[in-house]
Amino acid sequence: ELARRSEAMDRGDTSELRTASRHAYLEKRKKMKVEEMRDEIIDNELIFHGVKMTNAEEQEFRRKKEIYELVKDRVGKDADAGDYYRMPEAYDAAENLDQAKRFAVPRQRYDDPEASAARGGRRSNFFSEQEAWEEQQIRKSRLNFGSGDGGRAGGGYELVLEDVVDFVKSTVQAGAEPDGEMDELAEAVDAKVKLQRELQDERKNLPVYKFKDDLLKAIEKYQVLIIVGETGSGKTTQIPQYLHEAGYTAKGKKIACTQPRRVAAMSVAARVAQELGVKLGHEVGYSIRFEDCTSDKTVIKYMTDGMLLREFLGEPDLASYSVVIVDEAHERTLSTDILFGLVKDIARFRPDVKLLISSATLNAERFSDFFDEAPIFKIPGRRYKVDIHYTTAPEADYIAAAVVTVLQLHVKQPAGDILLFLTGQEEIETVEELLKQKMRTVGSKIAELVICPIYANLPTELQAKIFEPTPEGARKVVLATNIAETSLTIDGIKYVIDPGFCKLKSYNPRTGMESLRVEPISKASADQRAGRSGRTGPGKCFRLFTEYNFRHDLDDDTVPEIQRSNLANVVLRLKALGINDLVSFDFMDPPASEALLKALEELFALGTLNSRGELTKTGRRMAEFPLDPMLSKAIVASEKYGCSEEVVTIAAMLSAGNAVFYRPKDKLVLADTARQAFHAGNVGDHVALLNVYNAWTESGYSSQWCRENFVQPRTMKRARDVRDQLEALLERVEIEHCSGAGDLDGIRKAVTAGYFRNAARRQKDGSYRAVKSRQMVFVHPSSGMAELPPTWVVYHELVLTSKEYMRQVTELKPEWLLEIAPHYYQRKD
Ligand code: ADP
Ligand code: MG
């Protein structure tokens, strides 16, 4: 019976294997085949020179040959040989895409009573068959290809998994069913060729295309060029490709293109890889903090501006790049501003390097002024007329107003997609939920509304969804953060709804406190947002504020981030680059000297700088970590307290995002109980994060465990990734791996060693006062310390919502402050 079934599987016959997971397995298998084939068959040449297809027979032959080559090439190849690049989302999407991995841990699945009940009890039976079947497949694959290593099978399912995947690939290699496989492959080639043609046509339709030759000439002529063009004209996706075609990537040189946002870097890189018909991470890749999706082959590298800044540490002249594009320059992020000074310097002593500063249509002259009168290359964009509507009276609740407006537009306005700007993930999720509820209640009376959220932490595979064409008869509504203002262009948007807010970092140099707040946007921002509706035709923008507000209350421009940030991080980076004299550093808009001074003070207090302002040994170690100085200090200090293992875990959890726990509406009590368990003994939020991570590790990184404990598997996977990288850095800066085995005070002291500035003391009225600044702050309701608030606490960060909240709070003994930071705190009496 088993043999018969397994043969059926091999034939792709699913008729008697109608279980969800087997089906998924087949899907997965098919997909892998197609993917592999796609990547190998379409060689770069074919794409670069356009798809010339004159003779149908020749095409056919070529295709078959390619398929043959593919199949032949694959035989006997070791999947681990580095030929297969694993996309980062494959980790992220393990839940949905990586079915093979699911298969690898069947025990967890049939232990799940809910699922088992849903399958009417047949489940365990099925899975024992399933296991037997897998065993058999594995054995078979070994027999066929002799790559088996008997020891591995017994070693656990995690390892078996690799073999299962190998085996799937091996079937392709062996060409077991030549006809079926060939057909399938051929079909996919057709689809790929078609898609490529379409993509190439789209590329030619972008405004920048007409200026390709002029642009390349200008770049050849001038070392520094400012490029200005309407959002969506093709600056980000096309210019690096033009440069690549023009030979700027010859001789092993690369093109760097910086983006202020992680999502933009990933998304644009994915698009360009697709346009070039290459696999993401090969010729085209991206690099963002804690995630490097590039390889030796990479010649076009999208990266966050912060990552390029880090690259200066290892390669002060950026010698491996022939072109550096500072994209989205108008955003004026902190890192972009610093890059300006650094790349300007490089251009002076590297005549061979080209520097492109690319920006939306804002303030181009300022860039030109800064870069010694560099010429401005304007790409005339298409921008259609946009009607701007204001509310007649101010809206008290812009979320509610936004939801109503979306529905109103959906029901009353002609076809065209909607883009709604919100300030962050939480707001987006709220609106998504509200819209779904409303749509459910109106039922089928109105057309379908496709809701697409986009924000920084959105899973990669969902990010792509915003670019998918809207189905016939439906309308798409994109719920986006500022990322859709200029970084990402979504085609088909006709209506923009703008509540007029965004989340901004703000810094008070007097108190030295930085916090994220929701603030009104600038006029320039509002106009950019409105412009998003007029890209493909006349558009409409609905501002959820009054015209009076717009004229009188909004600033003209957003203040550059450098003027509203804690500069400790920047100062540390610059010092690590050997730039000691910050006052004469070439800033486009110099930060307030007060803020620079504060940063120096802070670094001095952390032991990063000595009294002459030079980096200490601690400072050099701290600079290696891609973290805020306080967090790097906690890690460096952990060695002294014998708990580097634990503190690295906590740092990874803090860096992996704020969404560790989730609270499904129908299981609030269960979720809160599960969460409280990690706080047992009122250990504090930092140690609770450690507990979560350790428990997850003990569960074998199980998703089932995550579900049971209402923990986000995605955050955990990311934390694991981050942790691996931080651990590697420990080695690099020679910090001993040590574990304090239960000494919680050691851990708390290490945290305090980094965060002593964030100490707060409880007042009689229950509020807290920050010890140094005297500012009134509160324990965030999500904190495990919210119920039993201790007298002294140290916190990770401040978030301003309705109040100034401390997020991630741990109890502190006041004498530690004197012990750890005697230069910062003195006893009063
Ligand atoms: P610019 O940088 O000038 O604002 P882009 O190069 O980002 O313009 O965009 C050019 C075109 O590429 C736009 O039409 C946009 O919709 C499309 N595009 C960009 N990224 C993606 C993506 N990830 N998926 C699909 N289309 C994309
Ligand atoms: Mg762009």
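Helices (H or I, at least four residues) and strands (E, at least two) are themselves DSSP runs, numbered from the N terminus. The structure examined here is a predicted model, in which local features need pLDDT of at least 70, side-chain atom pairs count only at pLDDT 80 or more, and totals for chains, interfaces and linings use all residues. Residues are numbered from 1 along each chain as its sequence is written.

Strand β5 is mostly covered, with five of its five residues buried (buried means under 20% relative accessible area, with a 1.4 Å probe and protein chains only). On one side lie Ile300, Tyr302 and Thr304, on the other Lys301 and Met303, and both faces are covered.

Attention now turns to helix α25, residues 593-605. Its 13 residues should span 18 Å at 1.5 Å a residue, and the end C-alpha atoms are 18 Å apart, which agrees; the expected span is 1.5 Å times one less than the number of residues. Buried residues of α25 include Ala595, Leu596, Ala599, Glu602, Leu603 and Ala605. Among the elements that cover the buried residues of α25 are β14 (501-508), α24 (568-576) and α27 (629-638). Just after α25, Gly607 takes a positive phi of about 80 degrees.

Notes
Chains lettered and ligands numbered in written order. Heavy atoms only, no water. Buried < 20%, exposed > 50% of the residue type's maximum accessible area, 1.4 Å probe, protein only. Contact = heavy atoms within 4.5 Å.
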